[in-house]
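Here's a quick briefing to read with the model open beside you. We'll go through sheets, helices, cores and rings in turn.

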Amino acid sequence: MQVFYASEISEKTALLTEEESKHALRVLRKNIGDELQLTDGKGMMGKGVIKNTAGKRCLIEISELKQLAPLPYQLHLVVSPTKNIARMEWMVEKSVEFGLGSLQVVWTRHSERKKINMDRLLKKGLAAMKQSQQAYLPAFPEPLSLAEYLQTHLEGQLWVAHCRESDQKQNWLKDVRAEGKHYVFIGPEGDFSREEIESLTETGAIPIHLGKRRLRTETAAILCAAVLYQKSTAYD
């Protein structure tokens, strides 16, 4: 059953957003009495029937409601945006399908893109959450410079994936564990500068590699999400 988004769900009723209501009524031809599955993006998943379609929003009468447990880990991708925005949107879609806690866009020395529409990325993330029938919507905060972001309070393990030669890199694919908070820093097409890598390591980020091949920014991000997802579900 297709999942719809309602930002607020009570024990008895929920209101679909205007956009979700339009999709249900005009695209899918739903009517009063039809059953829907819905989530608030905060872990709540429920079922209900369309009770009222007056105005531009569907009123749903809840028949079943439960709080779903979150993943045993939180993946926070900290990524310098790609020049081609379509690649960035594809990254969001696939990372959310595997399980993503947040996407923080950061501006770095070699960032080729200087502007980005975070509302559009949020919509891509919302669609991916619904398509994969998840109940948790990742956070998409406003972009910051890398220096600004490193001044924020980060609780968890920090990792930095970069392409520069180093004998101290850990094999993240092998060593990471699917538990706790993980902040993975991934640079732009031109990689992080040496100064940025030094700032990251001084902050506590561990240098890592993702195998022998050099990956694109969006591929590296998706791989990180896929590896944690695989490790967390390996024995389900």
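β6 and β7 pair in the parallel sense over 4 bridges, and pairing here asks for at least two DSSP bridges between two strands. Within that pair, V78 has Q104 in β7 as its bridge partner. This is a predicted model, so keep the cut-offs in mind: local features need pLDDT of at least 70, side-chain atom pairs count only at pLDDT 80 or more, and totals for chains, interfaces and linings use all residues. Residues are numbered from 1 along each chain as its sequence is written, and side-chain values use heavy atoms, with hydrogens and water left out.

**The parallel sheet**
- β6 and β7 belong to an open sheet of 7 strands, in the order β8-β7-β6-β11-β9-β12-β10, with parallel pairing.
- At the edges you'll find β8 (144-145) and β10 (170-171), each of which pairs on one side only.
- Strand and helix names follow DSSP runs numbered from the N terminus: E runs of at least two residues for strands, H or I runs of at least four for helices.

**The mixed sheet**
- Another open sheet has 5 strands in the order β1-β3-β4-β5-β2, and its pairing is mixed.
- β1 (3-5) and β2 are its edge strands; each has a single partner strand, so one side of each is left without a neighbour in the sheet.
- Ignoring direction, neighbouring strands of this sheet are turned by 45 degrees against each other on average.
- β1 pairs with strand β3 (residues 35-39) in the parallel sense, over 3 bridges, and Y5 stands opposite T39 in β3.
- Strand β4 (residues 44-52) and β5 are antiparallel, with 8 bridges; G48 has I62 in β5 as its bridge partner.
- β4 and β5 make a hairpin with 6 residues between them, and G55 in the turn has a positive phi of about 75 degrees.
- Strand β2 (residues 13-15) runs antiparallel to strand β5 (residues 59-67), joined by 3 bridges; L15 is partnered with L59 in β5.

**Helix packing**
- Two packed helices are described by the angle between their axes and the distance between the axes.
- The α2 and α7 axes come within 9 Å and cross at roughly 5 degrees; the axes are lines fitted to C-alpha atoms, for helices over the stretch in contact, with angles from 0 to 180 degrees between N-to-C directions.
- On the α2 side, R87, W90, M91, K94, S95 and F98 meet E218, A221, I222, A225, A226 and Y229 in α7; contact means heavy atoms within 4.5 Å.
- α3 lies across β1 and β3, running at about 145 degrees to β1.

**Nonpolar cores**
- A nonpolar core is a set of buried Ala, Val, Leu, Ile, Met, Phe, Trp, Tyr and Cys residues joined through side-chain atoms within 4.5 Å.
- The largest one has 35 residues, and L77, L103 and W172 have the most contacts inside it.
- The elements giving two or more residues to this core are β6 (73-79), α2, β7 (102-107), α3 (118-131), β9, β11 (180-186) and α7, with α7 giving the most at 7 residues.
- Leaving out residues up to four places away in sequence, L77 touches S95, L100, S102, L103, Q104, V184, I186, A221 and C224.
- A second, separate core has 14 residues, including V106, Y149, Y183 and L200.

**Aromatic pairs**
- Rings of Phe, Tyr and Trp (its six-membered ring) pair if their centres lie within 6.5 Å; planes under 30 degrees apart are stacked, over 60 edge-to-face and the rest tilted.
- By this rule there are 3 aromatic pairs.
- F98 and Y229 have ring centres 5.6 Å apart and planes at 55 degrees, so the pair is tilted.
- That pair links distant parts of the chain, with F98 in helix α2 (residues 85-98) and Y229 in helix α7 (residues 217-233), 131 residues apart.
- F98 is partly exposed at 28% relative accessible area, and Y229 is partly exposed at 35%; buried means under 20%, exposed over 50% and partly exposed in between (1.4 Å probe, protein chains only).
- W159 and W172 have ring centres 6.4 Å apart and planes at 85 degrees, so they are edge-to-face.
- W159 sits in strand β9 (residues 157-161) and W172 in helix α5 (residues 172-175), 13 residues apart.
- W159 is buried at 6% relative accessible area, and W172 is buried at 0%.
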